[in-house]
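Please walk me through this protein model. I am new to it and would like a brisk report on its cores, its helices and strands, and a pocket.

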Amino acid sequence: MDPTVPTRSATWRPAVSVVIPSVGKPGLRRAVESVLGQTHPVTEVHVVLNSEADADVPDDPRVRLMRYLERRNGNAARMAGVRRCAGDLVAFLDDDDLWHPTKIERQVRDIAEAGLAGSSTWISSTRVVVDFEHGSETWPRAPYDPSRSLENNLLRRHRVQRGQAFLPSSTLLFPRSLPMTVPLDEELSLHQDLTWLLQLSRNVPGLVVRQLNDALTRYDAIGDGISRSISLARELNWAREYLSSSTPRDRGDYYLGSVMTYARRQGTMRGMAGVFSEGLRVGRPGAAAVGYACGAMAAGLVKAVAAGVRQPRRRRTGPDEGAEVRQWAGR
């Protein structure tokens with residue numbers, strides 16, 4: 001297939017299969033409904049349930065429910081779904097995320113207009129509305145830069161603010177042959193989508209990544225997702241293993257950006273200082289990453305000092321002082 005041959009979107013109507021790995025979250029029905037409501041009709045929706053619980057899904061012949069209990073792993077569920085897909089293209093969606101009704105149509109049109117309809121070495125994404133407890137943000141803040149490599153786009157930080165590199169699995173549309181050529185790692189328990197994208201970048205010559213500037217995916221960052229359960233130790237182990245071949249700038253930016261986020265979440269100055277030191281030792285981070293890390297460490301220091309000021313000193317002056325301390329602490 002020649003990726004240089006243009007194909008008009010009006011004549012290219014690929015069959016699209018969708019894979020939704022799920023643990024039975026309450027948002028599953030809404031996620032499936034957002035797929036069934038696409039203006040480019042999907043051929044099938046494989047809901048791969050990593051749970052013995054009942055799944056609340058719409059009654060539609062395109063929805064196929066399967067249970068996958070061999071591994072508690074999102075990638076294993078995704079690959080189980082991919083192997084059952086019959087469509088030309090595959091899209092992933094997590095069970096707590098949503099699609100805009102025109103997402104698939106817009107992506108298909110963009111791929112066709114780019115002349116990639118006959119190619120099997122492309123991946124399409126969109127920007128994302130990320131919902132937090134106290135508001136929403138559009139990520140990535142800067143759109144994908146096709147003049148730079150996929151790995152560079154994923155790891156390098158150009159601004160101090162959060163939300164720099166973000167291509168979550170719920171945005172992705174790609175030829176079915178892509179995960180069959182470079183399978184998702186079914187043993188991995190963290191950074192599953194990021195790791196697959198890095199592997200594609202390193203193993204698929206001529207890979208083209210397209211990202212629509214509009215935010216056509218809604219991402220739920222309110223609940224307790226997998227990322228919030230990742231410890232700093234596991235994050236460091238992942239970075240040491242998967243970023244060893246990255247450029248010093250990309251590796252340093254990731255350490256002082258993403259790894260520092262986990263250190264800050266852990267809440268210890270020793271952990272943040274250790275990440276800062278290792279990031280400088282193994283990489284050459286840019287100014288934005290250094291600024292982010294310094295800001296995180298400064299905020300952590302202020303928090304630690306404030307906590308120390310609030311903590312009363314226990315002096316053994318009498319039997320009633322313990323009761324006063326408990327009362328002050330709201331116990």
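## Around Trp-196

Contact here means heavy atoms within 4.5 Å. The model is predicted: local features need pLDDT of at least 70, side-chain atom pairs count only at pLDDT 80 or more, and totals for chains, interfaces and linings use all residues. Residues are numbered from 1 along each chain as its sequence is written, and side-chain values use heavy atoms, with hydrogens and water left out.

Gln-199 sits in helix α6. Helices (H or I, at least four residues) and strands (E, at least two) are DSSP runs, numbered from the N terminus. Beyond residues up to four places away in sequence, Gln-199 touches Val-182, Pro-183 and Tyr-242. Gln-199 and Asp-185 are 14 residues apart in sequence, and their C-alpha atoms are 9.6 Å apart in space.

## Two cores

A nonpolar core is a set of buried Ala, Val, Leu, Ile, Met, Phe, Trp, Tyr and Cys residues joined through side-chain atoms within 4.5 Å. Buried means under 20% relative accessible area, exposed over 50%, and partly exposed in between (1.4 Å probe, protein chains only).

The largest nonpolar core has 55 residues. Ile-123, Trp-196, Leu-200, Trp-238 and Met-260 touch the most other members. Elements giving two or more residues to this core include α2 (74-84), β4 (89-92), α4 (150-155) and α7 (232-242). Helix α8 gives the most, with 7 residues. A second, separate core of 26 residues includes Val-32, Leu-36, Leu-93 and Trp-99.

Helix α1 spans residues 28-36. Its buried residues are Leu-28, Ala-31, Val-32, Ser-34, Val-35 and Leu-36. They pack against β1 (16-22), β2 (44-49), β3 (63-67) and β5 (98-99).

| Residue | Location | Relative accessible area |
|---|---|---|
| His-46 | strand β2 | 4% |
| His-191 | loop between α5 (177-181) and α6 | 15% |

Which residues does His-46 contact, leaving aside neighbours within four places in sequence? They are Val-18, Val-19, Ile-20, Arg-64, Gly-81, Arg-84 and Cys-85. His-191 has a phi near 50 degrees, a positive value in a residue other than glycine.

The backbone has a cis peptide bond from Trp-139 to Pro-140, with omega near -15 degrees. Pro-140 lies in the loop between β7 (135-139) and α4.

## The second largest pocket

The second largest pocket has a volume of about 200 Å³. Its lining includes Arg-264, Arg-265, Met-269, Met-272 and Lys-303. Helices α8 (248-266), α9 (269-282) and α10 (287-310) each supply at least two lining residues. The largest share, 5 residues, comes from α10.

On a 1 Å grid over the protein atoms alone, a pocket is an open set of points where a 1.4 Å probe fits, with protein on both sides within 12 Å along at least five of seven lines; lining residues have an atom within 4 Å of a point. Volume is the space filled by probe spheres set on the points.

## The whole chain

The protein chain has 11 helices and 9 strands. Of its 331 residues, 48% are buried. Among contacts with a separation of 6 or more, 73% join residues 24 or more positions apart.
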